[in-house]
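Here is a brief report on one protein chain. Please keep the sequence and the 3D view at hand while reading.

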Amino acid sequence: MSDTKIPLAGVIGSPVAHSKSPRLFRHWLEAHGLQGHYVPMDISSENLADALKTLPKLGFVGANVTIPHKERVLALADAVTDRAALAGAANTLIFRADGTVHADNTDGVGFIENLRSGAPEWDPASGPAAIVGAGGASRAVIQALLDAGVQDIRITNRTKSRAEALRQEFGTKLTVTDWVRVGDLMDGATLLVNASSLGMVGKSEFRISIDGLAKSAVVTDLVYTPLETDLLKEAKSRGHTTVDGLGMLLYQAVPGFERWFGKRPEVTDATRQAILAE
Ligand code: NAP
């Protein structure tokens, strides 16, 4: 018998039963023939600090973090990457051999890798990017677009103050458009990102006109339930390249898997099918 330790990782949230991550990680472990386990862990807010101290001692090498702990883990971690600090949230924790917890945020990487893979023709220098929504996901999208070299980002949000706060934080490459003048947001934009929950199953519909987009514009939706949102259907019918939100979920998991299990996993059609299969 080998005494090599089998790496353990998982996703921490509450509730966590809905998370697609365990299925994704199992698929990658099998696809790459690796030993390891990835488990859902329903941990309440009051037990979070104890859990982060205990898991490394139990052999866990890291964890993904989901609602409602993504913000709180920043204060509990021993070290925080710049991108997690900027996002104000972490989705990936690394438990180091010395017991310290390092917090990272890979949502931005997931967003941009998904965009580049689904729309390889998209050029950050081609024109303005338009974003609907100013929540947690929007922060990661803004950072990723700035890193990719986009010079002009327009943002709108139902609650304007949230968009204004992002403008304060990210600087002058960001401009805020009034929710009631959302048509201006689209005008000539070469990328549209829905970073709001509009269009998600059980939420309000996305009813914003996309008439003004540049003909070559790429349209991407962070919402992935349904996989093809009404926004993406409409955009596709107008001839725009569309990119759904499932890929972002898959790509954001790549750095954690690589770190914990020692192999960079591929995002393929089989990966998508493994997640979509009930
Ligand atoms: P969040 O922080 O709760 O923000 C929600 C956003 O949606 C806010 O901008 C909010 O506007 C807006 N919104 C909600 N209901 C609205 C309505 N009726 N009319 C207009 N705007 C409305 O959530 P988040 O974490 O940023 O996530 C946003 C979406 O992205 C969710 O659907 C989430 O599932 C998805 N997401 C996907 C991935 C992925 O991997 N594909 C990753 C992260 C998030 P207000 O500020 O006015 O409330």
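What percentage of the 278 residues of the protein chain count as buried? The figure is 49%. Bear in mind that this is a predicted model.

**Overall build**

The protein chain holds 12 helices and 12 strands. Its radius of gyration is 19 Å, which agrees with the value near 19 Å for a compact globule of 278 residues. Among contacts with a separation of 6 or more, 65% join residues 24 or more positions apart. The table lists further values for the chain.

| Property of the protein chain | Value |
|---|---|
| Box filled by the C-alpha atoms, along the principal axes | roughly 65 × 40 × 35 Å |
| Accessible surface | about 13,400 Å² |
| Share of that surface from carbon and sulfur atoms | 49% |
| Separation of the mean positions of the 29 positive and 32 negative charges | 2 Å |

**The six-stranded sheet**

Strands of a sheet pair through backbone hydrogen bonds, either parallel or antiparallel. Here, six strands form an open sheet with mixed pairing. Their order is β2-β1-β3-β5-β6-β4. Strands β2 (37-42) and β4 (79-80) are the edges, and each pairs on one side only.

Now take one pair inside that order. Strand β5 covers residues 92-95, and strand β6 covers residues 101-104. They pair in the antiparallel sense, over four bridges. Ile94 stands opposite His102 in β6.

**Helix α1**

Helix α1 spans residues 21-31. Which of its residues are buried? They are Ser21, Pro22, Leu24, Phe25, His27, Trp28 and Leu29. An α-helix has 3.6 residues a turn, so residues three or four places apart point the same way. Strands β1 (8-13), β2 and β3 (60-65) are among the elements that cover the buried residues of α1. The cover also includes helices α10 (246-251), α11 (254-261) and α12 (269-276). Just after α1, Gly33 takes a positive phi of about 60°.

**Val218**

Val218 lies in strand β11, residues 218-221. Is Val218 buried or exposed? Val218 counts as buried because its relative accessibility is 1%, and the cut-off for buried is under 20%. Leaving out residues up to four places away in sequence, Val218 touches Leu115, Ala119, Glu121, Trp122, Thr190, Leu191, Leu192, Thr241 and Val243. Arg272 is 54 residues from Val218 along the chain, and their C-alpha atoms are separated by 21 Å.

Key
Residues numbered from 1 in each chain as written. Predicted model: local features only at pLDDT ≥ 70, side-chain atom pairs only at ≥ 80, totals over all residues. Heavy atoms only, no water. Helix = DSSP H or I, 4+ residues; strand = E, 2+ residues; numbered from the N terminus. Rg over C-alpha atoms; globule rule 2.2 N^0.38 Å. Buried < 20%, exposed > 50% of the residue type's maximum accessible area, 1.4 Å probe, protein only. Contact = heavy atoms within 4.5 Å. Areas by Shrake-Rupley, 256 points an atom, 1.4 Å probe, with all protein chains shown as cover. Lys, Arg positive; Asp, Glu negative; His and termini not counted. Charge placed at Lys NZ, Arg CZ, Asp CG, Glu CD. Pairing = 2+ DSSP bridges.
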